[in-house]
Structures are given as C-alpha cells and as structure tokens.
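Hi,

Here is the structure I promised to pass on. Have a look, and my notes follow below.

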Amino acid sequence: MLDNHAKLVKVIAASDGIVGRKKLQKIIYILKKLGLPFEEKYTFYFYGPYSEELSLRIEEITNLGFVTEIKEQKSNYYQYRYQVTDQGQDFLEHSNADVPLVESIVRDMKEQSSRFLELVATMLYFDHLPKDEIEQKVQEVKKKSNYTSEDIVEAWSFIGKINLK
Amino acid sequence: MAYKDDQLHEEKVFKDPVHRYVHVRDLVIWDLIGTKEFQRLRRIKQLGTSFLTFHGAEHSRLNHSLGVYEIVRRILINFEDRPNWNREERILCLCAALLHDLGHGPFSHSFEKVFKLDHEEFTRAIILGDTEVHQVLSKVSKEFPQKVADVINKTYHDKLVVSLISSQIDADRMDYLQRDAYFTGVSYGHFDMERILRVMRPVEDQVVIKESGMHAVEDYIMSRYQMYWQVYFHPVTRSAEVILTKILHRVKELYGQHYQFKVEPTPFISFFEGKVSLEDYIRLDEAVVLYYFQMWAEEDDSILSDLAYRFVNRRLFKYAEFNPNLQMNDWMELYQLFKDIDLDPDYYLVVDSSSDLPYDFYRPGEEEERLPIHLLMPNNELRELSRQSDIVEAISGKKRTDHKLYYPKDLIEKLADDRPEKAKIQKILNKQER
C-alpha cells in the first residue's frame, strides 16, 4: 500500500530533510533518470522537468503527517522545508516499498542549488540526443537562465559522478 | 503560394456544442483533420471511465482537439497586431493545438500506468513517424514536424508559442473545462472565455492577463477546482478506474503465466511484452478494448471474468474513506481477512489516492516549480495572480488530497453469516463507510 509515497518519504529521510519544492522535484527526476523505480510522470515545463503527480504526492504525505512542511519567508520569495516525522518513520517500517537508494547521491544533490539541479535535470531530459545537441537544446530552452559554459561543464561532471556511484 | 499559406476556396465550419462553430480556412489544418491518426481520436473518449458516472460523458478526444484548435485560432486573431507576437508562428500554433492529444490511447491513464507507456511519446512518434500526419506536416517544410513536436513537448525555443497550448491558463484547459461540463451536465466549469481571450496579452515569453480581466480568471480557477472534485475525481469514476487497472494487471499476469485465453488477445500482446510499436498503438482503440472486456467476462479465470463483468455491467466497487496513517492496522487486518476468504487482496482491496489521478490545480509557483498566471498591471508590472486575488489565494491553499479504500461490498455480503471473517471485515469497513 502507498509504495510510491513510501519511496518519497525514504528519499526525504535519506537526505535528512530537503529545503525547496523545486529541489525535491529535480532530485526525484534525477533519481528516476538514474534508473531508480520512481513512477511519477514528468513533463517539461518552463523550469525544466516537473511532475504534478509528485507535487500532489508531497501534499499527501504532508497531510497524512508523514512529513512536515514548513513555509519560510525569504527576502522576496517563499521556500518550503521538508522533514520526516516519527509517524513517517513508522510508515517506512511497515512499508514493503523497495528503493535501492544511494544515500550519498541524495546528499550530494541536496547540497546543490535548485538552479544547478534544474540544469542537470534539463540535460538529462534531453539525454536521447548527442552531447553537443543537448548543450545546444539547453541553451535554447533555458535562454533566460543564462547558464555559462562553466555551469554546463560542472553539470556534466556532476552527472558523471552520480552515474558512477 | 506556399502550402503553409494555402487557403481553402471556402471556409469550412464544424458545428460545435461548446464554441458554436469551429472555423477552418487553412488547407494544412483541413488535411490534418482528414488523416487516419486524427480520425482515430473519435474512438477515444475524452473522459475515459467518467461515462459510468455521468452518462453524457461520451465525447471524444477529436471533439476536444478541434475545440483547442478553435480557441487558439481566436486567440491569434486577437494577437495579430500586438507587439511581441510573431505572426510567422501562426500555423505552427494551430497545428500544435490540433494535434496536442494525438498520442492518447484508450483509457490512457490506466494503460500508461500498467504498461509503463507515455502518450506524449506516442504523440511525438505519430508526428515524426511514418504516418499520414507526418506526410501532411512535411509538406509545410522538412523541419516543420519536429517544430510541432517540440511545441507539444514544451521544448520549443519560443515559450510564448508553447504557453498558448500549455500553461496554467491555456487553450487546452479552457476547452476541456467547458466541454466536460457540457457533456457531463454539471453546472460547474463555466466561465467567461470570451472575456479571457480579450484580455490575454503576449509579453516576452508568456501569455499574461490584463489586470482588468482578473475576475474572469478567478472564475476559471474556481471552475478548475470544482470540476476536479465534482467530475474528474468523482469517487464512482475512481472505482471504475480501479477495476479497469486491475483488469489490465490481471490479463498481463495471466499472459505471463501462459494462460490459454478463449479468444487470443492479439492486439494486447505487444503491450504485455513491453514491445509496443507505433502501428500496434494506433490500432488499439476503445472499441477494441471494450470488445475484449466482453470476451474476458466469459473467461475461466475467476478474477478476470469477475472484474471484466463488473466493468462492462457497471458493478463497481464500493468505497470507504481511509486514512493510511491512522488506519494502518485496519489495512493490515483487512488484507489478511481478504486472504482468509479467498479474495485476492491485490485485486479486491485497493487504496486509491488523489495523486493516482493527478490534476493540475492552480499553483502560484512560489519556488519556480511551474510558471504561474501573471497579471499585467496598469504600470506594466507583472504580478502573480494569487497575490492580487483573495479568491485564488484561498483556493491555492486548500487541502487537495484524499484517499479511499475500494472493495467489492457485494462479495462480502454474499459470505455466509456464520463465517467469522464476515463480521470482522464489515466492522472495519463500516467504521467510515459512505
């Protein structure tokens, strides 16, 4: 029961809490692209791959009390902080959901900015294309984000690193 | 004249219950409507299993596709002489609007879940593959099919073009809300679309709404909210969806066990084996699926025949409210009790959550998850809708989640009264049953 919810709670637990809805969206997408069994359907939107199914699932685990969501006011925007509760830990103990999580990957991603994860997720979204076309496509769809060639080199290196784990 | 600009000698019109008329003057649009891949959409219902709840909900994806095309056509008339709008993109927008749902299959939500498919990939494959649609689009230019696919996939470089077809206030949603309201017969889903079209403005890479049109947009957001709870997420429709999903799981499982079907399920075999070709995909429509459901209702496998019989004859599962956190022990007990009475809980005891049928509520995009609706203020500043509208702010913060437990009440009631499991099951289910 609720295996997909359990996988999500497991990621938040493994990361010891995640700050940012966008970050959480991109982390799950990247894990999915690494072949982990997340079933949320993603579509490409203005800010890269996004899953409405995941947004709703996050609301569900929050409303069920498995995860707390704290809204924080930043200078000119809001940010959400997610942390697994004791009830969430109980839920995980009862769950049969199996995610062979590589905790170090989750923690590596958590340390990155959501802007950087958006770049990585966008590059992975176009991973059916050759490398130079991926870079070209990223510049095309992310014109406003002004990613530099250094950002892209760093993103390739990050993708290489998480793929090796 | 280039094919892209070719016009029909006389404008063609389709009568439409929502927009009154759908107008076609461009030859490329007329040719696309005549392709077999587009005509196939007549045999795919727009609302999947909702016809089992709302008997009028038999409208097809072809109706909706024509409606989206018509709305975009009207938006572009308003945009014609506005700054920021590139008139060269007109035919691209119209083609993308018309073809945006081309890859939907029969009951696509359940099919996609069970067979791990993605209708958007099939939309792309039909547009780029060896199809009549591809032939028509290629007559515009060699690159044109790819451009149409990119707009539908939301990866086209001009995001303004994309936002007409897909954003939080787009032609797709404006059509389906009104069309679904019309065919289901509910009184929700209505809003002043003409007003919204008049106040839409192209600004850089998005469509925004003039501040004076805010109240029309509030109505649209309210319609989305009400249609979700009243139509899209209706508990009876969810029951039909649960049964449909379980039928597909069961046939797939039986096929894997080399079960001998009375009628060979030929059109499904590539789905079972995970090797669906474009041709296989296009061939499968709701007429084929419903034919097989009738055949499966006669199968020897008791689970498959029971589930198929239920779907065909609308003997749906009942439901009880369920809180997976507070009722975890109830769930575990029920699971075991169902096993004890030889009712496979993997098929007959189902928790269905709101995220199993996701619907895009309006989200203010506080952390850049999705681009929100922006109002164009008199000083040309852009403001996010919920920061300006108390109504939208109130709806945006509402609880939008729900879980229900579905089960065959009739089979439980048929158990002999002296079976101890019967009273135990009923006691748990009656706690919060509706």
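A definition to start with: angles between axes count as roughly parallel under 35 degrees, roughly antiparallel over 145, roughly perpendicular from 65 to 115, and oblique for the rest. This is a predicted model, where local features need pLDDT of at least 70 and side-chain atom pairs count only at pLDDT 80 or more, while totals for chains, interfaces and linings use all residues. Residues are numbered from 1 along each chain as its sequence is written, with chains lettered from A and ligands numbered from 1 in the order in which they are written.

In chain B, helix H3 (residues 61–79) packs on helix H10 (residues 171–184) at about 125°, their axes 8 Å apart (axes are lines fitted to C-alpha atoms, for helices over the stretch in contact, and angles run from 0 to 180 degrees between N-to-C directions). H3(B) and H10(B) are therefore oblique to each other. Helices here are DSSP runs of H or I, at least four residues, and strands are runs of E, at least two, numbered from the N terminus.

Now the two chains: 32 residues of chain A and 26 residues of chain B make up the contact (two residues are in contact if their C-beta atoms, placed from the backbone, lie within 7 Å). On the chain A side, H3(A) gives the most, with eight residues.

Last, B:Pro364 sits in the loop between strands E6 (350–353) and E7 (374–376) of chain B. Leaving out residues up to four places away in sequence, B:Pro364 touches B:Pro372, B:Glu384, B:Ser386 and B:Ser396. The C-alpha atoms of B:Pro364 and B:Arg387 are separated by 8.7 Å, at 23 residues apart along the chain.

Cheers
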